[in-house]
Amino acid sequence: MATQDFASHAGHSGAPAAAESAWSGGGSPFAIGSKKLGMWLFIVSDAITFSALLMAYSYVRVASADWPTPFHFYPSVIKATVMTFFLLSSSVTMVMAVRAAKLGERASAVKWILGTMAGGLAFIVLHAIEWADLIHEGVRLFQNPWGSPLFGASFFTLTGLHMTHVAVGVTYLGVIAVLFGSGRLDAEVVEVSGLYWHFVDLVWMFIFPLVYLLSVKMG
Amino acid sequence: MSEATVHAHQAGSRKLFLYVWFWLLALTGVEVYLSYVQLGVKLMLTLLMGLSIVKATLIISYFMHLRFERRSLVLTLMPAMVFVIVLLFLFFPDSLRLLHMRPQ
């Protein structure tokens, strides 16, 4: 605030704050709030974490001669496609929630957030069934019936970290829905939680093809 | 400011979000179809990653709103992230070598 006051006093032209150059030490060079910037910085670092895991998965897969490709097109890939549909659709309900929040329609925003949480929960349930099926077939962290033992390690680490993100996201949105619904938060907080949710969706857009679509069982 | 009108017009339009949603689903459909017909692994990898990058760009630009933010924010976040991710590829040639170095 002090910098902004100083700037407006120093510039006798009386230029409005919006015209101030981002590089002249203006109060908000990115024109977004600190919470939103903080979430963006977190998302960038988390994106690099997931990239490193996907890279590790690809690395061990290329380096193993007997990498298993155990997913049948039906039901595994179809199930993963339905999961993708839920996650993508929950992103749309989230943008609707952010839109409603910005327009000041609190009740409507809360409904859209609840819809988003439902999509996330459906994703988690389907993914948990998928995990249970694989474990039933004998896939463990360090062994599986088909080939390289690294399959289980990379699969469970990658999808497990992602599922953790979805679960944390559903909890986060639940807290936001309650607090925003009761009028204790402003619309920016809903937008920030939306950024996190879209990021979780975005990560799945890379896990889905690399882990599922490239591991379809032939014949 | 014309930028502000664009912001108010497009950034909050339901139609735009549904349009982006439709495209994301359509591109996912193409990916699933590719896995159904099973082309060669290298071709599959290239096509799937290409489609995924398009989908990621759609999500970041419209759902995460980055297209409507100041250019300085985009330039602060994106090039650094892409650069670090590209650096990870430095390791990759080793994995191809490992395959032939395994005793068996």
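A residue is called buried here if 20 or more other C-beta atoms lie within 10 Å of its own, exposed if 12 or fewer do, and partly exposed in between, with C-beta atoms placed from the backbone. The structure is a predicted model, in which local features need pLDDT of at least 70, side-chain atom pairs count only at pLDDT 80 or more, and totals for chains, interfaces and linings use all residues. Residues are numbered from 1 along each chain as its sequence is written, while chains are lettered from A and ligands numbered from 1 in the order in which they are written.

Confidence comes first. The model scores ipTM 0.88 and pTM 0.88. Where pLDDT is low, the predicted coordinates should not be read in detail.

Chain A has six helices and zero strands, where helices (H or I, at least four residues) and strands (E, at least two) are DSSP runs numbered from the N terminus. Of its 219 residues, 37% are buried. Among the contacts in chain A with a separation of 6 or more, 75% join residues 24 or more positions apart.

A nonpolar core is a set of buried Ala, Val, Leu, Ile, Met, Phe, Trp, Tyr and Cys residues joined through C-beta atoms within 7 Å. The largest one has 66 residues, and those with the most contacts inside it include A:Ala97, A:Leu195 and A:Phe208. At least two residues each are supplied by α2 (34-62), α3, α4 (106-136), α5 (150-181) and α6 of chain A, as well as by α2 and α3 of chain B. The largest share, 17 residues, comes from α6(A). Leaving aside neighbours within four places in sequence, A:Phe208 is in contact with A:Ala80, A:Thr84 and A:Leu213.

The contact between the chains takes 36 residues from chain B and 38 residues from chain A. On the side of chain B, α2, α3, α4 (71-88) and α5 (92-101) each supply at least two residues. By class, that side has 25 nonpolar, seven polar and four charged residues; Ala, Val, Leu, Ile, Met, Phe, Trp, Tyr, Cys and Pro count as nonpolar, Asp, Glu, Lys and Arg as charged, and the others, Gly among them, as polar.

B:His65, with a positive phi near 75°, follows the helix.

Within this helix lies B:Ile59, which counts as buried because 20 other C-beta atoms lie within 10 Å. Beyond neighbours within four places in sequence, B:Ile59 is in contact with A:Ser91, A:His198, A:Asp201, A:Leu202 and B:Met64. In helix α4 of chain B, B:Ala80 counts as exposed because it has 12 C-beta neighbours inside 10 Å.

Methods:
Two residues are in contact if their C-beta atoms, placed from the backbone, lie within 7 Å.
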